[in-house]
Amino acid sequence: MPTSPQMLWLLTAFISCVSWAGGHHADGHHHDGAVSIGEVGKADQVNRTVVVTMTDAMRYTPSTVQVRKGETLEFIVRNTGKVKHEMVLGTTSDLKAHAAMMKQHPSMEHSDDNMVSVEPGQEGHILWHFSHTGKVQFACLQPGHFEAGMKGVIQVKPAKAM
Ligand SMILES: [Cu+2]
């Protein structure tokens, strides 16, 4: 049957959409992308800790993080600047939409599992489980910071062969 590979593809696409919607946590924002960035991690399943520093130069150090599919990371997010910064995980389209919203409502307090806002001199934490290969973007959504280049990427590679 010539149509069956197509049907299979559609079915697969449908199933992955459903599992994405069902597997995602209930939060205030909409992550309606086709790609999953993963989900909130469990504290007893942390594989390693990564320290990410944020500065008023609108940069993250490191700005590129490599992980393996299936890993759970604890990000320790340090703000060494004099203004508030944050680290928000998402797809490029999520982050752009969210940044636009933050611009319209600059004083908006937002919090979610996939992000942390950190006051100057403080540190915060994100526990994240990377369940899909691909790229997970992160950015600071304080007004103007994303546009100034305050962003980075987490590259999720296939799990290591056992
Ligand atoms: Cu910032």
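Predicted model: local features only at pLDDT ≥ 70, side-chain atom pairs only at ≥ 80, totals over all residues.

**Entry 1**

**Entry 2**

Which residue has Q137 in β9 as its bridge partner? I found G90 there. β9 pairs with β6 in the antiparallel sense, and I counted three bridges for them. Another opposite pair I noted here is L89 with F138 of β9.

**Entry 2: staying with β6**

β6 has a further pairing, with β7, which is antiparallel over four bridges. On that side I found E86 opposite S117 in β7.

Next I checked burial. Is β6 mostly covered or mostly open? Mostly covered: six of its six residues are buried. I also sorted its residues by direction. H85, M87 and L89 point one way, while E86, V88 and G90 point the other way, and all of them are buried.

**Entry 3: the core**

How many residues does the largest nonpolar core have? I read off 28, and those with the most contacts inside the core are V77, M87, L89, I126 and A139. I then listed the elements that give two or more residues to this core: β2 (48-55), β5 (72-79), β6 (85-90), α2 (92-104), β7 (115-118), β8 (123-129), β9 (134-139) and β10 (151-157).

Leaving out residues up to four places away in sequence, I126 touches F75, V77, M87, L89, M115 and V116. M87 and L89 were already in my notes as residues that point one way from β6.

**Entry 4: the open sheet**

Last, I traced an open sheet of five strands, in the order β1-β8-β5-β2-β3 and with mixed pairing. Why is one side of β1 and of β3 left without a neighbour in the sheet? β1 (39-40) and β3 (59-61) stand at the edges and each has a single partner strand, so one side of each stays without a neighbour there.

For β3 I looked at the pairing with β2, which is antiparallel over three bridges. One opposite pair I wrote down is T55 with R59 in β3.

Technical notes
Residues numbered from 1 in each chain as written. Core = buried A, V, L, I, M, F, W, Y, C linked by C-beta atoms within 7 Å. Buried ≥ 20, exposed ≤ 12 C-beta atoms within 10 Å, placed from the backbone. Contact = placed C-beta atoms within 7 Å. Pairing = 2+ DSSP bridges.
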